[in-house]
Amino acid sequence: MFNIDSSEFLLVAIVALVVIGPKDLPKAMRVVGYWVGKARGVSRQFRQGFDNMVREAELEEMEKRWAAENERIMREHAADAPPAPALDAPHAASEPAAHAAGGEQAGHQDQDHSDQPVMVEKPVVAPAPAEPAPHTPRPNEGAAS
């Protein structure tokens, strides 16, 4: 990191031992270790923030590319897609049967009946059958007297 050779490190350690003294050297090493740890924490936090910003920018770019590709695919295959089903599909399905049966609308085949209400049967919800509770013998029930 700082390109310190082992001989240079040994020289710094000897100077620190002479200047600080053997009595206060452990305390000085703890303080130096504390500040080195703080500096590493700040640099790690900065790096994580930078990585998060880069990741978010890449994600936005990927979303834009995905949206453009999706739009291109939808334009290419718009002609291939079947038409969307009409909202009154049940009414339209029952209409040919009414015409075939010779109902009252047989003469009006060209008219659009989408404004007329569609009659459906009301569903009936029946309660579920009650299941009998499993029989658990009592302690004195199976014993012979």
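1. Arg-72 and Glu-69 both sit in helix 2, 3 residues apart, about one turn of the helix. Helices (H or I, at least four residues) and strands (E, at least two) are DSSP runs, numbered from the N terminus. The pair forms a salt bridge, with the closest N and O atoms 2.2 Å apart. A salt bridge here means a side-chain nitrogen of Lys or Arg within 4 Å of a carboxyl oxygen of Asp or Glu.

2. Some ground rules. This is a predicted model, where local features need pLDDT of at least 70 and side-chain atom pairs count only at pLDDT 80 or more, while totals for chains, interfaces and linings use all residues. Residues are numbered from 1 along each chain as its sequence is written, and side-chain values use heavy atoms, leaving out hydrogens and water.

3. Glu-76 forms a salt bridge with Arg-72, the closest N and O atoms being 2.5 Å apart. Glu-76 and Arg-72 are both in helix 2, 4 residues apart, again about one turn of the helix.

4. Glu-69 is partly exposed, at 36%, and Glu-76 is partly exposed, at 46%. The cut-offs are under 20% relative accessible area for buried, over 50% for exposed, and partly exposed in between (1.4 Å probe, protein chains only).

5. Helix 2 holds another pair. The side chains of Glu-71 and Arg-75 meet in a salt bridge at 3.9 Å, N to O. These two residues lie 4 residues apart, about one turn of the helix. Arg-75 is exposed, with a relative accessible area of 57%. The structure holds 4 salt bridges.

6. Helix 1 covers residues 6-20. At 1.5 Å a residue, its 15 residues should span 21 Å, and its end C-alpha atoms are 21 Å apart, which agrees. The expected span is 1.5 Å times one less than the number of residues. The number of buried residues in helix 1 is 0, so this helix lies largely in the open. Gly-21 follows helix 1 and has a positive phi, near 100 degrees.

7. Look next at the nonpolar patch. Leu-10, Leu-11, Ile-14, Val-15, Val-18, Val-19 and Ile-20 make a nonpolar surface patch of about 690 Å². Val-18, in helix 1, counts as exposed at 67% relative accessibility.

8. Now the whole protein. Of its 145 residues, 4% count as buried. Its accessible surface comes to about 14100 Å², of which 62% belongs to carbon and sulfur atoms. Such areas come from the Shrake-Rupley method with a 1.4 Å probe.

9. Confidence needs a check. The average pLDDT is 77, and 64% of the residues score at least 70. This score is the predictor's confidence in each residue, from 0 to 100. Confidence is highest in helix 2 (residues 25-76), at a mean of 93, and lowest in helix 3 (residues 89-100), at 49. Over residues 97-108, pLDDT stays under 50, and the model has 7 contacts beyond four places in sequence for them. A contact means heavy atoms within 4.5 Å. Where pLDDT is low, the predicted coordinates should not be read in detail.

Notes
Patches are made of residues with over 30% relative accessible area and no salt bridge: like charges are joined within 9 Å, nonpolar side chains (Val, Leu, Ile, Met, Phe, Trp, Tyr) within 5 Å.
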